[in-house]
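Me: Hi! Could you walk me through this model with me?

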Amino acid sequence: MDEKTGLLAGPDGIARCFWHGNLPDYLHYHDHEWGRPVTDDRRLFEKICLEGFQSGLSWLTILRKRENFREAFAGFDIDKIAAFTDEDVERLLGNAGIIRHRGKIVSTINNAKRAREMADEAGSLAAWFWKFEPGPDERPGIVDLAHLRANPTTAVSVRISKELKKRGWSFVGPTTVYAFMQAMGLVNDHLEGCVCREQVEAERNAFKRPK
């Protein structure tokens, strides 16, 4: 990695954000998912839940267990998870393929109920989250390594976190929320010089925001 730019040449010799470390699965996630705008409620709910599970761990750990999580949590169908019972909690605690943390499992079930309320109110979960998309005046002129290291949270992620907690969500602190925003394309935090930055910016420019 170039310590000044935060860029790392991939196996193809092309510069990218450093954090995938050229691990094949992580590289694929960086190139094809991270930062590209998402409106699908199920994917949004999955991501914010998995970011909660990631707290204290690496995202790579969660990424490599993601299919296990999807199987265990009914494909992150919000209504199905909202109907989970204490028996489901015990079932999940016995599943070695996921992170067996009772608090985070119970939180996911609770958050599904809160997500359904928000989706009913706003028309969709996507519409609720995307209304918080930062405006140009809330974004840096240049996204470089120094900026990202200095800003694990933002004023917007703090606002979203407070609103979610007010609505009864848990495991949604400002750092977790900002990681969600970065991954789901509410911001483009691919570093300057990363091959994906312009691609993602083009997708965001063409993207139809949910109403």
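**Loops and a helix pair**

Reply: Phe76 is buried, at 0% relative accessible area (buried is under 20%, exposed over 50%, partly exposed in between, with a 1.4 Å probe and protein chains only). This is a predicted model, where local features need pLDDT of at least 70, side-chain atom pairs count only at pLDDT 80 or more, and totals for chains, interfaces and linings use all residues. Residues are numbered from 1 along each chain as its sequence is written, and side-chain values use heavy atoms, leaving out hydrogens and water.

Me: Where is Phe76 found?

Reply: Phe76 lies in the loop between helix H3 (59–72) and helix H4 (78–82); helices (H or I, at least four residues) and strands (E, at least two) are DSSP runs numbered from the N terminus. Phe76 has a positive phi of about 60 degrees although it is not a glycine.

Me: And Asn22, what about its phi?

Reply: Asn22 is not a glycine, yet has a positive phi of about 60 degrees. Asn22 is in the loop between strand S2 (15–17) and helix H1 (24–32), and is partly exposed at 27% relative accessibility.

Me: New topic: which residues does Val172 touch?

Reply: Leaving out residues up to four places away in sequence, Val172 touches Ile48, Ser161, Leu164, Lys165 and Val177 (contact means heavy atoms within 4.5 Å).

Me: Is Val172 buried or exposed?

Reply: Val172 is buried, with a relative accessible area of 1%. Val172 sits in the loop between helix H9 (155–166) and helix H10 (174–184).
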